[in-house]
Amino acid sequence: MNTKRMKLATAASVALALGLSACGGGSNNNSGSSGGTTKAEFNAGLTKVFNPSDKKGGIVKFADESAPDSVDPGDTYYGSQWNMIRLYGRALTMFTVAPGDASNKLVGDLAEDVGKASDGGKTWTYTLRKGVKFEDGTEIHAQDVKYGIERSTDKETFPDGPAYFDSMLNWPAGWKGPYKSKGMNTDSAISTPDNYTIVFHLKAPFAGMDYLAMTPQTIPVPVAKDTGAKYKQHVVASGPYMFESYSDGKSYVLKRNPSWDASTDPNRKALPDGYDMQMNVDAEDIDNRLISGDVDVALAGTGVTAATQSRVLGDPNLKARADNATLSRLWYTSINPTVKPFDNIECRKAIEYGMDKTSYQTAYGGPFSGGDLATTLMPPIVPGYQKFDLYPTPDGKGDLDKAKAALVACGQPNGFSTNISYRAERPKEKATAEAFQQQLAKIGIKVTPRPFPKKDYFSTYAGNPPYVAKNNLGLVVNGWGADWNDGFGFLSQITDSRVIRETGGSSNTSVRIPEVDKMLDQAVGELDTAKRNSDWGAIDKRVMEEAVIYPGVYAKSLLLRGKNLTNVFVNPQFGMYDYTAFGKQ
């Protein structure tokens, strides 16, 4: 995916050359450096640490409306799980644990520091900290990190993780992961000259390697303990907590990892004694329990339901516990050209013109906690954003005349029938699907909502191309937050057709434009920051020209702080509270 051409010697110089902000160095000084406040008020946790404390002890109680895609580091792509996984897993790098702009900086986690680049940015070297151990007391070596990445490339076994390492490293011909290609030498992609050094060999220069080193796929996995798809039943911990119990789809409990040594981990305070996670809890029930104090954190991090919002904003005491976060996230709906009649662009344009954006906004809680009406893929806070609207309608409420004209042009003057998928546990997505159903009925399009479980939404249903085509999923309620806050981190995994897998697992269900693939490659290789940001905007517009995505709202959320928590703040890199910083009163 990347064809960068540059000369550079270190990660810092790469970042400087390309205008990336994350390649920092050294250690994270934790959240206290950004100041704190004990005054309970609206947005108290937005840019400062609310209720700072170093008190240890207590159990932090989480609840989720569904189950995570996976607790396995090689098979997860939900932001909430990337946030949570840092409690029991240590990647090579991590974002600074802090509110506000301080969180932009990447620091060493399992690695001593960020990476060192050579060979014009095609080779990246990381040095591991010595003395870091798995939960069984075995020291973690570079080979364990290498194996963790290798296994994540088996997308039949682990369909849900990102595909960066799959496509960017110089794997040997025929490589299909360590299970199917057992014994194959992969030093051409990742080499480990000694126990504490890991070297990545890329096909092409890439300045953002430290971002990839932050992903859960670099969390070490001991080969002797790997059980493939069953590994999620007991992930071997490298962080301050380990699994005490795990019941798939129901609950899990984390307890302190006795082999974790704080002297090897400057990034985590590890204040609580443990974490209790309850899965598949009704979203409004989570809100009620969060308000009462029976639950400390709503794992999903997408904010309270629309029903709870009015209650929170209308009660001064509850509003004082709320934070209104603006996210580098888009709530959108994919329009799948692999499903007839959406193979005709005019039928796709009928959706663009026919849908009422304000109903989309209402489904997510209105402008306050739902977000602003979107006309592009990239939100305004992502570098490279360009303001445009290729399908304008009066006040964003839809233009039925233009929509009907598009139907005539695509040979469906009387409309047609299609299905729309959404995650069953998310009331806002259900409301979105119903909004499409109601609005598009006005132009003769019969839309039938189809709910699917969040856990397998992309791997088995909405992100599985054969299933999509067979089950007439013309519309897929979707959402995307940047893997990191730049144009590549936002666009690549939802607009590059090469990430689409026939076995399922990709959030990109609808963008299959070869020209966009080439534009992405060219943008990654652009050295001039202004030109590169302009390229991201051009990619955004090119995708919208094909009408394969209906942008709904640029996301905001109304988060509610648990009444018994300390060290609460929004980490902008996740767009939710930072789960590693919590303490318990």
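Visitor: Does H6 pass H7 in a left-handed or a right-handed crossing?
Guide: H6 passes H7 in a right-handed crossing, where the near helix is turned clockwise from the far one by less than a right angle. This is a predicted model, in which local features need pLDDT of at least 70, side-chain atom pairs count only at 80 or more, and totals for chains, interfaces and linings use all residues. Residues are numbered from 1 along each chain, and side-chain values use heavy atoms, without hydrogens and water.

Visitor: At what angle do the axes of H6 and H7 cross?
Guide: Roughly 25°, and the axes of H6 (residues 283–292) and H7 (residues 306–314) come within 9 Å. Axes are fitted to C-alpha atoms over the stretch in contact, with angles from 0 to 180 degrees between N-to-C directions. H6 is therefore roughly parallel to H7 (under 35 degrees).

Visitor: Which residues in H6 and H7 meet?
Guide: Glu 284, Asp 287, Asn 288 and Ile 291 in H6 meet Ala 307, Thr 308 and Arg 311 in H7; contact means heavy atoms within 4.5 Å.

Visitor: New topic: which residues of H17 are buried?
Guide: In H17 (residues 514–524), the buried ones are Val 516, Asp 517, Met 519, Leu 520, Asp 521, Ala 523 and Val 524. Buried means under 20% relative accessible area, with a 1.4 Å probe and protein chains only.

Visitor: What covers them?
Guide: The cover of H17's buried residues includes helix H16 (487–495) and helix H18 (529–545).

Visitor: How many helices and strands are in the chain?
Guide: The chain has 18 helices and 23 strands, which are DSSP runs numbered from the N terminus (H or I, at least four residues; E, at least two). Of its 585 residues, 63% count as buried.

Note on methods:
Buried means under 20% relative accessible area, exposed over 50%, partly exposed in between (1.4 Å probe, protein chains only). Angles under 35 degrees count as roughly parallel, over 145 as roughly antiparallel, 65 to 115 as roughly perpendicular and the rest as oblique.
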